[in-house]
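The tour below goes stop by stop.

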Amino acid sequence: MITLSHCFFLLILLLPGFANSEINKPNKQIFILSGQSNMSGHGGVDQNLIWDGVVPPECQPDRHILRLSAKLHWETAREPLHADIDTNKTCGVGPGMAFANAVRAHLAQLGPLGLVPCAVGGTAIKEWARGEHLYEDMIKRAKESVKGGGEIRALLWYQGESDTSSEEDVVAYQGNMERLIQNIRDDLCLPSLPIIQVAINSGLDKILVEKLREVQLKMKVANVVCVDAKGLELKFDNLHLTTKAQVELGHKLAQAYLSNFGQC
């Protein structure tokens with residue numbers, strides 16, 4: 001006979017991250033996900049701002065892949081990764097889970113993989129300056145992620161659409177991005193932290209999008225590589241990537257990491 005206590009126990013087992021022995025392992029391989037809405041993910045979100053709930057095979061949860069919640073607790077990672085981080089928008093599929101599954105397939109021997117979602121939609125790079133709320137929260141979450149053991153392997157950055165509204169913002173972007181990278185490395189005491197930047201595929205002004213892409217693609221900073229999102233399928237709003245495109249981007253990010261930093 002199934003009692004009320006049995007039902008409660010079964011319910012607890014279904015909660016995200018419960019009874020996952022990977023959570024307490026000290027050898028987590030940690031990746032920070034940051035930027036704006038195409039990193040937080042809008043794949044599958046319709047015109048009524050409702051997520052369709054479709055999770056592709058490449059983005060399915062795995063008990064060895066964890067995420068740091070908004071409350072700074074490790075749990076089993078699942079879409080939408082940024083649901084409790086980018087709370088002013090409806091989140092859907094982003095590149096994070098496709099990236100994590102692809103990297104995990106090649107580096108499973110290194111231990112559980114931990115994702116630290118930090119992206120917030122509609123944010124310009126000046127809002128990520130040291131001292132600003134977004135930056136300080138990202139650093140706080142990154143530091144918290146290693147308290148139980150583990151190593152921050154890389155930061156994935158997809159941002160820039162909000163900086164395509166003026167020539168002034170585009171001109172200032174490289175300096176702002178270089179300062180951001182230096183500040184992150186200094187504040188995390190990781191002077192060689194790998195950064196994988198995504199060159200944008202959309203924005204507010206077509207001409208300025210191309211100019212900003214040129215800045216991103218031509219940046220020369222040690223241990224910084226760029227993945228190009230141009231050509232990936234956009235949704236009806238001509239701004240956000242589709243679910244299919246997010247999976248493709250996740251795989252591109254994984255390949256960039258494995259090719260450039262996978263043995264670091």
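**Stop 1: Arg 63**

Select Arg 63 and Ser 21. Their side chains are joined by a polar contact of 2.8 Å. A polar contact is a pair of N or O atoms within 3.5 Å; within protein, one must be able to donate a hydrogen and the other to accept it, and residues adjacent in sequence count only if both atoms are side-chain atoms.

Before going on, note that this is a predicted model: local features need pLDDT of at least 70, side-chain atom pairs count only at pLDDT 80 or more, and totals for chains, interfaces and linings use all residues. Residues are numbered from 1 along each chain as its sequence is written, and side-chain values use heavy atoms, with hydrogens and water left out.

Arg 63 sits in the loop between α2 (37–40) and β2 (65–68). Helices (H or I, at least four residues) and strands (E, at least two) are DSSP runs, numbered from the N terminus. Leaving aside neighbours within four places in sequence, Arg 63 is in contact with Asn 20, Ser 21, Glu 22 and Thr 76. Contact means heavy atoms within 4.5 Å.

The cut-offs: buried is under 20%, exposed over 50%, partly exposed in between (1.4 Å probe, protein chains only).

**Stop 2: Gln 216**

Jump to helix α6 (residues 206–218), where you will find Gln 216. Gln 216 has a relative accessible area of 1%, so it is buried. Now show Gln 159: the side chain of Gln 216 reaches the backbone oxygen of Gln 159 at 3.1 Å. Not counting residues up to four places away in sequence, Gln 216 also touches others, including Tyr 173, Val 198 and Cys 226.

**Stop 3: α4 and α5**

Select residues 133–145 for α4 and 167–187 for α5. The two helices pack at an angle of about 35 degrees, with axes 11 Å apart. Axes are lines fitted to C-alpha atoms, for helices over the stretch in contact, and angles run from 0 to 180 degrees between N-to-C directions. Show the side chains of the contact: Tyr 135, Met 138, Ile 139 and Lys 143 of α4 meet Leu 180, Asn 183, Ile 184 and Asp 187 of α5. By class, this contact has 5 nonpolar, 1 polar and 2 charged residues. Ala, Val, Leu, Ile, Met, Phe, Trp, Tyr, Cys and Pro count as nonpolar, Asp, Glu, Lys and Arg as charged, and the others, Gly among them, as polar.
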